[in-house]
Amino acid sequence: MELAELHCPSELEQLLANVREYNPQADTQLITRAYEYAARRHRGQMRVSGEPFVTHPLNVALIIARLRLDVPSIVTCLLHDVVEDTATSLEEIERLFGSEVAQLVDGVTKVSKITFQSKAEKQAENFRKMIIAMARDIRVVLVKLADRLHNMRTLGALAAERRVDIARETHEIYAPLAHRLGIYWLKAELEEAAFCYLNPEGFVAIENLVARTKTAREEYVQAVIGVIKQRLDEAGIKADVTGRLKDFYSIHHKMEEEELPFDQIHDLVAFRIIVDSLRECYAALGVVHASWKPVPGRFKDYVALPKPNNYQSLHTTVIGPRGQKMEVQIRSRDMHRVAEEGIAAHWSYKEGKIEGLRESQRFAWLRRIVEWQQQLNDPHEFLSNLKEDLFAEEVFVFSPKGDVFDFPQGATAIDFAYRIHSEVGNHLAGVRINGRIAPLRYRLCSGDTVEVLTSERQRPSKDWLAHAVTARAKSRIRSWLRAQQAERSRELGTALIEQELGPLGYGVAQLERAGRLDATAKELSYKNAQALLAAVGYGLITAGQVLNKLLTAEELKRWRPDKAQAGAAIQQDGQPLKGSRRPGAEKPTASGVLVSGLSDVLVRFAGCCNALPGEPICGFITRGRGVTVHLIDCPVVPRNDPQRRVSVVWQAGADSPRAIRLEVMSVDHPGLLAAMSKAIASAGVNISSAQVRTSEGVSRAHCRFEVSVGNARQLNAVMRSLAEIDGVLKVVRLDQHNGARPA
């Protein structure tokens with residue numbers, strides 16, 4: 001295939017030129033061959049925007065070239081979608097481009113050949129695969145970030161709902177990941193693009209506010225740059241000085257966090273001073289502080305104490321001209337390269353080859369993520385912990401020996417103890433902070449010296465979960481609590497079955513030795529007899545249900561005469577117990593909910609959120625009361641013990657009416673209540689009760705209705721009908737805590 005026949009030859013030439021600029025010995029023929037191969041494999045495929053699909057991998061490669069990565073990384077960008085979106089195999093990639101490229105492409109490729117029970121589970125497994133792959137080779141995540149950045153640049157072509165989903169994932173995981181890797185320009189662009197789609201009104205509002213003061217601000221920036229350059233020249237310091245307005249997302253975040261209007265955000269402008277040496281960094285800081293008064297508590301020395309991703313810079317905020325606060329960052333040229341390229345700056349070229357990353361404490365966070373993710377099976381917990389770990393700002397504390405440890409902001413002495421060792425955490429009895437006894441819930445501050453006190457008699461408490469912040473500490477505490485809970489549940493389950501077995505003169509130990517309990521456990525879909533006993537103790541299944549499966553018809557007669565009829569229902573030809581569910585069959589349930597595929601489990605609905613058929617739900621084992629069903633985002637859902645979370649799904653046709661409370665805020669005028677009642681009745685929904693109150697002086701009315709609806713679709717239809725009434729300002733669904741939430 002001739003190059004002229006391929007799409008985007010000018011972009012390919014630009015890519016080759018960029019690579020030659022930072023790596024003159026690069027094998028550009030391999031890059032060209034990879035592009036030609038990708039163009040052939042993607043021939044006929046188009047992006048939603050209407051562009052040829054091959055433009056996407058080419059643009060991803062251009063982004064990676066900006067990070068100055070090696071040829072295998074560039075080739076991986078060009079080939080990263082061929083396995084996922086064409087009939088190409090990894091074996092063919094390895095044969096044509098080598099094992100290194102094949103491994104990188106495999107790391108970037110999503111998990112696609114496995115069937116998942118939920119979207120969250122699929123998302124979690126894709127991120128889990130990426131984390132494991134990036135631990136082996138950091139280039140995997142750099143390609144993933146470049147891939148996501150180009151997708152965000154072209155997101156406008158997708159449907160609105162899809163745009164929001166991708167933008168939220170970008171904001172919650174990819175942007176924090178770029179921050180953790182120290183690639184700040186990439187992080188800022190991802191945040192800005194996500195902000196545009198997640199909060200378009202806020203984005204446009206900030207854009208308009210900034211545009212109003214653009215000319216005056218540009219004049220201010222140039223004036224300050226002139227002053228800084230003059231003062232540095234007078235001090236004999238050669239430096240590059242730049243100034244810029246903060247990103248729209250940064251401005252919005254500050255307004256939200258500090259609850260300030262735009263005109264009260266004074267440090268909208270940031271200045272950067274880049275000097276030649278470490279010594280000149282501190283000299284330039286002295287010049288800035290001599291020129292303008294520094295703001296107390298706003299100086300950060302990341303030069304002496306670098307961030308975990310090796311970012312180094314001096315940050316200070318001063319009261320500049322016209323009394324405006326302005327942030328100033330000071331760094332050397334080497335520090336600036338690391339700040340721009342992040343983790344990619346640690347690659348170095350020798351004779352055209354790329355050297356591996358040096359193992360360092362600065363990437364300990366990555367090893368920690370790899371460690372704790374292996375222990376988390378629940379996809380919701382995995383994603384939650386991943387987001388928390390990536391988002392957290394760091395504090396730096398010292399051990400009594402002077403070793404430095406980084407922790408997310410808000411971490412406590414409990415987190416410190418578990419960082420030292422799991423056994424240290426499990427036996428944590430007290431802590432000294434800077435030589436003084438402090439409570440375990442004490443939040444660590446940068447510069448603290450932390451000494452852990454242990455006792456063999458001390459054990460973790462469930463209360464610790466409320467104070468632990470790191471995924472490592474929480475998973476270790478949960479693991480210990482689960483072990484204790486499981487042991488107590490097994491003991492209780494054993495006691496309950498022993499009690500039921502009384503008339504037969506059997507014991508649980510006797511049934512275990514005979515293998516009968518294990519056989520019954522497998523029949524009831526439990527791993528083994530111990531898991532079955534724990535389930536009885538939890539209340540997920542009753543002792544009677546176990547014995548109905550375990551005992552023979554003759555034993556059932558001796559156990560309880562009233563059970564003999566049920567025992568007789570066992571067919572001689574091996575058919576299931578009458579009324580039991582055949583594998584794969586769904587027997588209608590009173591609750592309308594199936595628990596882990598079973599239809600005979602006691603189910604109750606939590607009153608705090610009152611889940612409706614069609615809404616995403618989760619189940620939680622409640623001791624002695626079976627499974628309690630919550631909405632998946634209900635704030636009351638117990639999240640400290642994921643072991644007790646079970647998979648629950650709505651059964652087809654499960655539309656049992658439930659009472660739901662709605663609040664309607666409207667203007668106060670005659671006939672509006674009648675219109676609301678008519679809208680509700682027209683949707684086929686019954687009103688159980690109604691309350692109306694008006695606000696004096698503002699002509700507002702607040703109506704609360706309790707309605708009986710069968711599913712989420714019906715509720716949404718009612719809410720839409722109410723919202724369309726002229727004069728209605730807002731319609732919200734209320735939970736038991738009087739908190740408004742969308743249907």
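**Start at a loop**

Select arginine 68. Its relative accessible area is 35%, so it counts as partly exposed. (Buried means under 20% relative accessible area, exposed over 50%, and partly exposed in between, with a 1.4 Å probe and protein chains only.) Arginine 68 sits in the loop between α3 (55–66) and α4 (71–79). (Helices are DSSP runs of H or I with at least four residues; strands are runs of E with at least two; both are numbered from the N terminus.) Arginine 68 is not a glycine, yet its phi is positive, at about 65°.

A word on the model. It is predicted: local features need pLDDT of at least 70, side-chain atom pairs count only at pLDDT 80 or more, and totals for chains, interfaces and linings use all residues. Residues are numbered from 1 along each chain as its sequence is written, and side-chain values use heavy atoms, with hydrogens and water left out.

**Zoom out**

Show the whole protein. Colour it by secondary structure: there are 29 helices and 24 strands. Of the 743 residues, 49% are buried. The protein exposes about 36,300 Å², and carbon and sulfur atoms supply 49% of that area. (The areas come from the Shrake-Rupley method with a 1.4 Å probe; for residues, only the protein chains shown count as cover.) Now think about contacts (heavy atoms within 4.5 Å). Among those between residues at least 6 apart in sequence, 64% join residues at least 24 apart.

Select residues 314–319, strand β5. Is β5 largely enclosed or largely open? Five of its six residues are buried, so the rest of the structure largely encloses it.

(Two strands pair if DSSP finds at least two bridges between them.)

- Strand β3 (residues 293–294) pairs with β5 in the antiparallel sense, over two bridges. Look for lysine 293 opposite isoleucine 319.
- Strand β4 (residues 300–301) also runs antiparallel to β5, joined by two bridges. Here lysine 300 has histidine 315 as its bridge partner.
- Strand β6 (residues 325–332) makes six bridges with β5, again antiparallel. Find threonine 317 and its bridge partner, glutamate 327.

Stay with β5 and β6. Five residues lie between the strands of this hairpin, and arginine 322 takes a positive phi near 65° there.

**Aromatic rings**

Next, show the aromatic side chains. How many aromatic pairs does a search of the whole structure find? It finds eight. (Rings of Phe, Tyr and Trp, the last by its six-membered ring, pair if their centres lie within 6.5 Å; planes under 30 degrees apart count as stacked, over 60 as edge-to-face, and the rest as tilted.)

Select tyrosine 184 and tyrosine 311. Their ring centres are 4.9 Å apart and their planes meet at 65°, so this pair is edge-to-face. Tyrosine 184 belongs to helix α11 (residues 184–198) and tyrosine 311 to the loop between β4 and β5, so the pair ties together parts 127 residues apart in sequence. Tyrosine 184 is buried, at 18% relative accessible area. Tyrosine 311 is buried too, at 5%.

Move on to phenylalanine 605 and tryptophan 650. This pair is stacked, with 5.8 Å between centres and 15° between planes. Phenylalanine 605 is in strand β15 (residues 603–605) and tryptophan 650 in strand β19 (residues 648–650), 45 residues apart. Phenylalanine 605 is partly exposed at 22%, while tryptophan 650 is buried at 18%.

Then select Phe195, Phe203, Phe248 and Tyr249: ring pairs link them into a cluster.

**Charges over rings**

Arginine 66 lies over the ring face, 3.5 Å from its centre. Repeat with arginine 419 and phenylalanine 407; here the distance to the ring centre is 4.3 Å.

**Threonine 520**

Go to helix α23 (residues 516–523) and pick threonine 520. It is buried, at 4% relative accessibility. A polar atom of its side chain lies 3.0 Å from the backbone oxygen of arginine 516. Neighbours within four places in sequence aside, threonine 520 is in contact with Leu532, Val546, Lys549 and Leu550.

**Last stop**

Select asparagine 434, in the loop between β11 (428–433) and β12 (436–438). Its phi is positive, about 55°, although it is not a glycine. At 47% relative accessibility, asparagine 434 counts as partly exposed.

Note on methods
Lys NZ or Arg CZ within 6 Å of the ring centre and 35° of its normal. Polar contact = N/O pair within 3.5 Å; in protein donor to acceptor, adjacent residues only side chain to side chain.
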